[in-house]
Each structure stands twice: as C-alpha cells, then as structure tokens.
Amino acid sequence: MDNNKLEGVALKLFDINAVKFGEFMTKSGIETPVYFDLRVIVSYPRVMELITSLLCDIVATKVKKYDHICGVPYTALPIATLMSVQAKKPMLLRRKEAKAYGTKKMIEGHYNVGETCLIVEDVITSGSSVLETVKELNKEGLVVNNAVIILDREQGGRKNLETNNVNVDALFTMTELIGILEKHKKITKEMSMKVRNYLTEVKAPVTGSSEERMLLSYEKRAELTSNPVAKQLFNIMSIKKTNLCLSVDLTSSIKILELLEKVGEYICLVKTHVDIIEDFSLDFITRLKQLAQRFNFLILEDRKFADIGNTVLLQYQKGLYKISEWADCVTSHSLPGEGILKSLSTPCNGLENRGVFLLAEMSSEGNLISPEYREVTVNMASKYPNIITGFVCQNKDTFKDPGLIQLTPGVQLESAKDDLGQVYNSPDKVILDNGADIIVVGRGIIAAKSPEAQAVIYRDTLWKCYLKRVSGKLE
Ligand code: 5IU
C-alpha cells in the first residue's frame with residue numbers, strides 16, 4: 001500500500017477532528033483518551049476519495065473474489081457506495097429496521113443465494129456491528145468472509161470476527177495511526193503512551209450478540225450481572241426452575257394473597273399494580289413480603305414511572321404506597337430522560353439492592369415506541385448498571401448484555417389478543433425466537449378456572465422452552 005497516501009489520510013483525519021485526544025466517555029461508560037468520529041468525513045470529498053481508493057487497493061490485493069459490497073449502517077454507507085462505483089461491484093443496502101409497510105426486506109438490491117459479499121465498516125471495537133450485518137446477509141443466503149475497515153481499535157474486534165469466519169483487513173490499526181500522528185508531532189509522546197496503555201488495558205466489553213446471551217444459562221448470567229436484583233432473580237430461576245412472573249392484576253388484596261398462597265412456589269417474580277387494589281394497606285404489604293420470603297420470589301411493582309426526576313422520587317418513596325420500602329424492583333419509562341434514573345438510583349431509607357426494569361418496547365397494538373426510542377433507551381440504561389435489572393421488551397435485538405434480564409409480557413397459551421389492544425404470543429415464540437428471560441403472564445393464569453393448575457402448566461411450558469434454548473437447538 002502507498003505509505004505516503006496512508007500518512008496523508010491519517011494527518012487529514014486529525015486535522016478535520018475525526019480523531020480526537022483528551023478524556024471522553026464511550027457509549028458503554030468507559031473512559032477513553034482517544035475518540036473517533038468518522039461521520040464528519042462526508043464533509044470532505046477529498047478525504048472520501050482518498051479513503052475509497054486506499055480501501056479499493058486493499059481489496060484488490062487481499063480479497064480474491066466477491067460478488068457484492070455492503071456497508072454497515074450508517075457511517076460506512078457512503079464509503080461503500082463510492083467503493084462499489086470505483087470497483088464496479090454491485091452494492092447491497094442493509095436496512096437497520098424493517099419498513100412498517102410494503103416489502104419487509106432487510107437487504108435491498110439484487111442477489112442470488114450463495115453469492116459472496118464484502119463488508120465495509122469505519123471503525124471496529126468489538127466487531128459486533130459488523131456481525132449484525134453479517135447475520136442479516138447470512139439470513140438471505142449470502143456468504144460473508146471478508147470485511148474491510150478504516151480503523152481497527154485493536155480491542156478484540158478482529159478476533160471476534162475471525163472466530164465468525166470473517167477475515168479483517170484494515171487501513172490502520174490504532175497503533176499505526178498513533179505512530180503516524182506522533183511522528184508528525186500532532187500528538188505528544190505522553191499522549192501516545194497513554195493511548196497505547198489504554199489499548200492494552202481496556203478490551204472491548206463483552207458485547208457478544210443477543211444470540212449469545214440467549215444461549216447462556218441463568219446460572220452463568222448471575223455471575224455476569226452488575227445489578228443485585230438481576231443476580232437474585234437469575235439465582236431464584238436456576239434454583240426453582242421457573243422463569244414465570246405472575247401479573248396479579250386483581251383489585252382485592254385478600255384475593256391476591258390467596259392466589260399467591262397457591263402459586264407462589266411456581267413463580268420467580270410477582271408483578272403488582274398497587275394502585276388498582278381497592279383495600280390497600282401496609283398490612284397487605286407485610287403479608288406479601290412474608291409470602292415472597294416463604295416461597296422465594298421477588299416483587300416487581302409495575303409503576304411505569306414517567307415524570308420528572310423530582311416527582312418520581314416522591315412517587316417512589318412517599319404517598320400511600322411507599323413503593324421503595326418493599327418493591328425489589330419497579331418499572332420505569334425512559335421518556336423523561338436520565339433524571340428519572342438518577343432519582344430511582346438515589347439511596348433511600350438505607351435500603352440497597354433495588355432494581356429497575358426500563359421499558360424499551362410494549363406489547364400493545366399501535367404503541368408509539370420506535371426503534372430509535374428503543375435504542376436510546378438501552379444506551380441511557382448503560383450508564384446506570386447498578387440499578388438497571390433489565391428491560392421490558394418484546395425482541396431479542398433490544399440489548400446484548402447477558403447480565404441484564406429481558407422481561408416480556410403479552411404471553412398466553414389460549415388467545416392471540418384481548419379487546420383492548422393487548423397482543424399475545426406463545427411461550428415458544430417469546431423464548432426461542434424473541435429472547436424473553438422472564439415471562440409475564442396475567443389473565444392466562446388469574447382468569448383460569450384453576451389458577452394453580454394453570455400456573456403449573458405455564459411454569460413447565462416456559463421452562464421447557466428455556467432448556468431448549470440453552471441447549472443451542474434454536475431452529
Ligand atoms: N404489560 C403488558 N405489556 C407491556 C407492558 C406491560 O401487558 O408492554 I410494558 C403488563 C400489563 C399487565 C400484564 O399488567 O403486563 C399483562 O397481563 P395479561 O397477561 O393479563 O395481558
């Protein structure tokens with residue numbers, strides 16, 4: 001490769017602030033002395049041209065044969081387009097989310113099963129974004145053996161990709177880039193050392209894929225979590241062999257307690273809506289806690305907090321219900337922004353070990369949560385690992401961290417929906433296809449003739465699906 005050209009690109013990237021030095025925070029909350037933002041290169045046609053021709057050179061010498069080019073959305077898309085035109089190879093366009101109408105295709109363009117596709121990406125850290133695109137292409141019968149990238153941060157991505165049979169060729173490794181910048185006195189020797197040390201110390205967090213999370217046992221995942229409530233839940237599930245959460249949507253406290261007497265041994269979690277109970281009293285809470293202890297399950301108050309931090313703090317700790325004093329975990333919206341997580345993580349009454357399930361998706365028809373909302377919700381949660389127990393969501397792709405729990409409502413064996421917009425899926429679908437870890441069942445059990453018998457059926461069916469999932473036989 002033309003070293004002068006390479007050095008030129010490195011210096012240019014520095015000049016246009018596509019690479020910055022200082023103190024930055026990554027999405028996953030890790031401090032880093034170096035930061036890349038290659039999105040800005042679209043403003044510099046000459047840089048785009050140079051990078052394209054260098055990448056095409058690498059491909060010409062290293063990648064023997066390929067039929068298509070596909071960029072990882074979004075930063076690499078314009079580069080992939082330019083490469084496709086320069087190399088005269090057809091491009092494929094990967095959608096990040098399926099269109100709600102018309103064709104549901106995730107890959108646009110013309111192709112045949114068995115053809116090969118070269119991936120183009122800007123930066124790899126863990127390699128997980130490249131792998132997501134590889135999986136989408138594989139689903140269409142396309143074969144991916146090569147990825148060409150601008151920068152390898154040398155934090156584990158290359159290895160992750162190689163174990164998935166994807167060979168990586170990069171314009172620069174981080175070490176090479178730092179070397180060039182130091183040589184041309186763009187950065188000091190100290191900064192260069194700092195970055196090198198950072199690279200040896202900080203490897204990409206175990207991002208894995210949602211499929212990897214789905215294959216791990218609850219027992220194993222108990223070791224991988226930072227949240228004490230998630231840890232307890234994973235342990236309870238392993239010990240009691242149940243991933244059933246009962247949603248006790250009843251308005252009489254006596255009825256709730258009677259029901260839990262009968263089904264307590266079959267559940268890992270009970271989900272309450274205290275504000276629907278007509279005879280609520282703190283005595284009810286005392287008895288609920290006793291049952292939770294006796295049968296070894298946790299309590300989730302499905303409060304769905306959604307106000308500004310200060311109000312949520314009052315709703316959580318004060319009023320009639322004093323939720324923070326007894327609920328092991330609560331549900332919350334992310335809509336108001338981070339303040340809500342700050343308030344829920346405020347230490348209260350000397351009690352620790354509290355958890356939050358953040359709503360990333362809903363089961364009801366026509367709900368307004370978009371893929372973007374889901375994504376920022378998950379990113380926001382990553383800054384509060386001590387209180388985030390998991391997400392209430394419907395799809396496995398929502399998050400990857402095996403230490404977090406996917407809580408999925410909208411499950412029934414008998415019906416497909418109710419009259420007010422609820423949509424039900426089967427245990428098979430939610431656990432094997434959609435990645436649910438704890439499954440919320442309400443009326444499927446509480447409205448049954450014999451809730452106890454029905455709870456046993458749900459417990460057994462759901463647990464079987466989980467065992468099938470961790471055995472690796474997903475298809
Ligand atoms: N619930 C949902 N869907 C959601 C969320 C919460 O059903 O997306 I977020 C709650 C509502 C109810 C329970 O308390 O879960 C499901 O009860 P049924 O299984 O009876 O539909």
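**Chat about the ligand site**

User: How is the protein chain split into domains?

Analyst: The domain assignment gives domain 1 (3-201) and domain 2 (210-471), with bounds from an automatic or database domain assignment. Their C-alpha centres lie 38 Å apart. This is a predicted model, where local features need pLDDT of at least 70, side-chain atom pairs count only at pLDDT 80 or more, and totals for chains, interfaces and linings use all residues. Residues are numbered from 1 along each chain as its sequence is written, and side-chain values use heavy atoms, with hydrogens and water left out.

User: OK, the ligand. Which residues come nearest?

Analyst: D249, S363, Q422, Y424 and R443, out of 17 residues around the ligand (a heavy atom within 4 Å of it).

User: What kinds of residues make up that shell?

Analyst: Seven nonpolar, five polar and five charged. Here Ala, Val, Leu, Ile, Met, Phe, Trp, Tyr, Cys and Pro count as nonpolar, Asp, Glu, Lys and Arg as charged, and the others, Gly among them, as polar.

User: And how far is the side chain of D249 from an oxygen atom of the ligand?

Analyst: An N or O atom in the D249 side chain is 2.7 Å from a ligand oxygen. For S247, a polar side-chain atom lies 3.2 Å from an oxygen atom of the ligand.

User: How much of the ligand does the protein bury?

Analyst: 90% of the 490 Å² that the ligand exposes when taken alone (Shrake-Rupley method, 1.4 Å probe).

Methods. Polar contact = N/O pair within 3.5 Å; in protein donor to acceptor, adjacent residues only side chain to side chain.
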